[in-house]
Amino acid sequence: MSDLAAADLDVRLEGHRRELTGYCYRMLGSAFEAEDAVQDTLVRAWRSIDKFEGRASLRSWLYRIATNVCLDMLTAGNKRARPMDLTAATPVANAQLNSRPEVTWLEPVPDGRVLPTTEDPAEAALARESVRLAFVAALQHLPPKQRAVLILREVLAWKASEVAELLDTSVASVNSALQRARSTLAEAEPKQSDAADPLDEEQRKLLDRYVAAFEGYDMTALTALLHEDATLSMPPYDLWLRGHDDIVGWMLGVGEACRGSRLLPTVANGTPAFAHYHPDHEKGGFTPWALMVIETSGGKVSGICSFLDTERWFPLFDLPARLDEEGHPVPAL
């Protein structure tokens, strides 16, 4: 292959990276595993390009490779989970922080790494909905091949015949798998949530009020912003709380350490999110504490998931490693 042809192939393959990452993320529930799967896919494609006969499009061929990579990664049987997938909600009076490192936790992902650029509002809304934490968590209840079928048919709008060809199976098998997958998802009942982008005026006002209440540690104002059955979870701890009374009770107890925090806006999984920084009483300023993914519906906050492993999440989301006394990002040295 000439240098020119190799460069052209690199460009063509790279042009599919984002959508393939979105597909692999939905399959695997991990931003890092998705990126590894896509890199493996592109390497395999590069090495096998001479075998690409052109009977299908390059995109379809890449999806076939990516699907096989993901299915291989899922053969261990491990599925990713949220705290609410493992235990019942804990009353705040009994709440304890128990880390469960053996659990493979569902991971957040930056929108820019998985959501395609599109001018179609309906297509953009579907893409955002399909990477929400609740939806990706629900996908984990599906066997791997059913998961692939549902994503390809329902999210990416592939024809049953195209999916059958990709999976080397029949259209009847694809339709049967899709029916079973839909039935399982209906039982999981992932809750609907408002989209993060674009935010309407009411959503912006809600998030502004949330930031003001959280940073000011005004629990009366925060209670008013939470749905009565709102949830709070904090992976890698298995604890999760349901209800604004228990959430506020936690914030005024163990969570009191969050008083005086600062929040910087970002987006994750198609929903609003914040980088949460704690005050650093020794060095001054603020240090990373959590990536806080927010779900809203009907003008209130319905879910707060604080991912505490900031050494993993803050670099992935290109978030500042520190804030100064005024809450402004400190430039990296």
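Buried means under 20% relative accessible area, exposed over 50%, and partly exposed in between, with a 1.4 Å probe and protein chains only. This is a predicted model, in which local features need pLDDT of at least 70, side-chain atom pairs count only at pLDDT 80 or more, and totals for chains, interfaces and linings use all residues. Residues are numbered from 1 along each chain as its sequence is written, and side-chain values use heavy atoms, without hydrogens and water.

**View 1. Cys 24 and its closest cysteine sulfur.** Cys 24 is buried, at a relative accessible area of 0%. Its closest cysteine sulfur belongs to Cys 70, 3.5 Å away, which is too far for a bond.

View 2. A disulfide here is a pair of cysteine sulfur atoms within 2.5 Å. The sulfur of Cys 70 lies 3.5 Å from that of Cys 24, so the two are too far apart for a bond. The search of the whole structure returns zero disulfides.

**View 3. The fold and its packing.** The protein has 14 helices and six strands. These are DSSP runs: helices are H or I with at least four residues, strands E with at least two, numbered from the N terminus. Of the 333 residues, 48% count as buried. Contact means heavy atoms within 4.5 Å. Among contacts with a separation of 6 or more, 65% join residues 24 or more positions apart.

**View 4. The extent of the chain.** The C-alpha trace spans about 65 × 50 × 40 Å along its principal axes.
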